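Here is a short note for your review.

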Amino acid sequence: MQANEIVRVENLGKKYRKFHLKDINFSLDKGFIMGIIGKNGAGKTTLMNVLLGIRTKSQGEIYIEGKKYEKKDLQVRQEIGYIAEDNRFLLGKSLLDNAIIFGRFYQKFDIEYFEQLLCKYKLDGNKTPEQLSKGMKTKFQLAFTLATHPKLLLLDEPTGGLDPLFRQEFLTILQGLVEEENMGVIISTHITTDLDKIADYIMVLDNGKILSLTTKEELLDEYRLVKGSREILRSIPRDLFVSVKSTKNGFEGLAHHTERIVGQKEWLQKIVIDNANLSDILYYLTKEKSTVEE
């Protein structure tokens, strides 16, 4: 256990009748953001719920700041904040009333800090959640969660359905919090462009397993998009590609960034090599390998 490590997960698993989250191993230091990406049904929300302690009868170990997180350990649970797309508050009660009611469950809940955050985020504490826009509800959730002073912040699709301007504002707030509060953040989202802006590490999850876990920079440097005609594809070894798809004019595929691609002059004259973004990488890593019809 490193001194700056906020969370460590060892051999985590959760089994359902038709789905199995298994062999999940990772750690995250304070002051860093890990993004989790994957197709619908990959296990992102299941993993979040297991980390939060919602899903019982899971396998493996979770350590928060070096302390083993038992499922009924409310003391360690206090160190984890959680924000989801779904609302968890009483819609007919005011924001302040909600904070008072739910704040009782947190030993370190700070009502004064909560009120300061309401002012900072320009929220009226006398309004109810049902009177707020989707973006304002997210700010309210964030204000309440931060008032519990968590060490680890879990966000499950926090920007889903939000307009681009608010998403940018929320991500800026999140980055500032990581620096100011020195907390660790794990964010699950299908909006990969959000992670392009803020993530330090990327976990690619598929069918309950980790396909890739590395820094964002290393992941983006590992792959390239290759495009060209079907004729030139026949001369390129298929083991260079993660996956290939047909296009109107030929093919497009995700290839490992190796000298076998960039060192071949005859290929370079007939193909286009572009940088891949997180969306490209997710698509091809989770897509079944395919061949272009010849």
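1. A definition comes before the pairing details: two strands pair if DSSP finds at least two bridges between them. Bear in mind that the model is predicted.

2. Start with Ile-36 in β3. Its bridge partner in β8 is Ser-188. In β9, Ile-36 has Met-203 as its bridge partner.

3. Now take the strands themselves. β3 and β8 (residues 184-188) run parallel and are joined by four bridges. β3 also pairs with β9 (residues 201-206), again in the parallel sense, over four bridges.

4. Is β3 buried or exposed? Five of the five residues of this strand (residues 33-37) are buried, so the rest of the structure largely encloses it. Buried here means under 20% relative accessible area. The burial covers both faces. Ile-33, Gly-35 and Ile-37 lie on one side, and Met-34 and Ile-36 on the other.

5. Next, the cavity. Searching the whole structure for cavities of 30 Å³ or more gives one. The largest cavity has a volume of about 60 Å³.

6. Which residues line the largest cavity? They are Arg-77, Ile-80, Gly-81, Tyr-82, Arg-88, Tyr-106, Phe-144, Thr-145 and Thr-148. β6 gives the most, with three residues.

7. Last, the lining by class. Four residues are nonpolar, three are polar and two are charged. Gly counts as polar in this scheme, and Gly-81 is one of the lining residues.

Technical notes
Residues numbered from 1 in each chain as written. Predicted model: local features only at pLDDT ≥ 70, side-chain atom pairs only at ≥ 80, totals over all residues. Heavy atoms only, no water. 1 Å grid on protein atoms, 1.4 Å probe; cavity = no way out; pocket = protein on both sides within 12 Å on 5 of 7 lines; lining within 4 Å. Points joined across faces, edges and corners; volume = space filled by probe spheres on them. Helix = DSSP H or I, 4+ residues; strand = E, 2+ residues; numbered from the N terminus. Buried < 20%, exposed > 50% of the residue type's maximum accessible area, 1.4 Å probe, protein only.
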